[in-house]
Amino acid sequence: MDQILTLNTATLTVDFSSGFLLITWHGRVDFEEYKEVLTKASEIVELHDIRNVIINRLDLSELNTECRVWMKNHFLKGVVKPLIPMLSKVATIESRSTIGQIYSKTISKTVSLVYPNLSFRSFDSEIEAYKWFVENQDFPVFEPALVGQAQVQFAHTDESLEIRRSTLIDSIYQLFFSWR
């Protein structure tokens, strides 16, 4: 595993040989570090054919509003959307914070609804997530990038589907943030 970034509130580690990336959040996450880690992670996914991602939120105590707004308005729509066909599995290690758990579940459910071919699961530990990544590797696996590329092409031909996806994401975020 290669340590790519080590910041006060986050670390970014990549196992290039196994094709997975690990983001670990710590304490009260600073917006600039949040943005830096997620931007770097997305670059690595794109450049190095990373298929699986673990987001460890166990030691996360607070993710401020600026982080959540940036995630919704910029990162999910502008950065992650083109990477979805490249990804296979995303695992989360849940935060001890109730608000953190709700936020994590909201994001994963939203992305799962919009991109049903991307598998999301929550775990209690990184070891369980690693096991999920390697399960069924003895069986033939269809190339997710080919399926994803076909879906991306279809989505571009059906603008109404894209509008419905964006509306769904916005609605779910509004529901989540309105009670706060």
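Helix H1, which spans residues 31-48, lies across E1, E2, E3 and strand E4 (52-63), and its direction is at about 175° to that of E3. Helices (H or I, at least four residues) and strands (E, at least two) are DSSP runs, numbered from the N terminus. The angle is taken between N-to-C directions on a scale from 0 to 180 degrees, with axes fitted as lines to C-alpha atoms, for helices over the stretch in contact. Contact here means heavy atoms within 4.5 Å.

This is a predicted model, in which local features need pLDDT of at least 70 and side-chain atom pairs count only at pLDDT 80 or more, while totals for chains, interfaces and linings use all residues. Residues are numbered from 1 along each chain as its sequence is written, and side-chain values use heavy atoms, with hydrogens and water left out.

## Overall make-up

The protein contains six helices and six strands, and along the sequence these elements follow the pattern β-β-β-α-β-α-β-α-β-α-α-α. Of contacts between residues at least 6 apart in sequence, 75% join residues at least 24 apart.

Buried residues account for 43% of the 180 residues in the protein, where buried means under 20% relative accessible area, exposed means over 50%, and partly exposed lies in between (1.4 Å probe, protein chains only). The protein exposes about 10,000 Å², of which carbon and sulfur atoms supply 56%; these areas come from the Shrake-Rupley method with a 1.4 Å probe, and for residues only the protein chains shown count as cover.

## The sheet

The six strands form an open sheet in the order E1-E2-E3-E4-E5-E6, with mixed pairing. Its edges are strand E1 (2-6) and strand E6 (119-123), each of which pairs on one side only, and from one strand to the next the twist averages 15°. Two strands are said to pair if DSSP finds at least two bridges between them. In general, strands of a sheet pair through backbone hydrogen bonds, in either a parallel or an antiparallel sense.

Strand E2 (residues 10-15) and strand E3 (residues 20-29) pair in the antiparallel sense over six bridges. Across this pairing, Thr-13 stands opposite Leu-22, and Ala-10 stands opposite Trp-25. The hairpin of E2 and E3 has four residues between the strands, and in this hairpin Gly-19 takes a positive phi near 75°.

On E4, the partner of E3 runs in the parallel sense, with nine bridges joining the two strands, and Ile-23 stands opposite Ile-55 in E4. E3 is mostly covered, since seven of its 10 residues are buried. Together, E3, H1 and E4 make a right-handed β-α-β unit, a term which applies if, with the strands pointing away from the viewer, the path from the first strand over the helix to the second runs clockwise.

## Nonpolar cores

A nonpolar core is a set of buried Ala, Val, Leu, Ile, Met, Phe, Trp, Tyr and Cys residues joined through side-chain atoms within 4.5 Å. The largest such core has 32 residues, and Leu-12, Leu-21, Ile-23, Trp-25, Tyr-34 and Leu-38 touch the most other members. E2, E3, H1, E4 and helix H2 (65-83) each supply at least two residues of this core. Apart from it lies another core, of nine residues, among them Ile-93, Phe-123, Ala-129 and Trp-132.

Leaving aside neighbours within four places in sequence, Trp-25 is in contact with several residues, including Thr-9, Ala-10, Tyr-34, Val-37, Leu-38 and Ile-55.

## Individual residues

Ala-10, in strand E2, counts as buried because its relative accessibility is 0%. With neighbours within four places in sequence left aside, Ala-10 is in contact with Leu-5, Thr-24, Trp-25, His-26, Glu-33 and Val-37. The C-alpha atoms of Ala-10 and Gly-27 are separated by 8.8 Å, although these residues are 17 residues apart along the chain.

Met-71, whose place is in helix H2, counts as buried because its relative accessibility is 8%. Met-71 and Tyr-34 are 37 residues apart in sequence and 9.4 Å apart in space, C-alpha to C-alpha.

Asp-49 is found in the loop between H1 and E4, and it has a positive phi of about 55° although it is not a glycine. Asp-49 counts as partly exposed because its relative accessibility is 43%.
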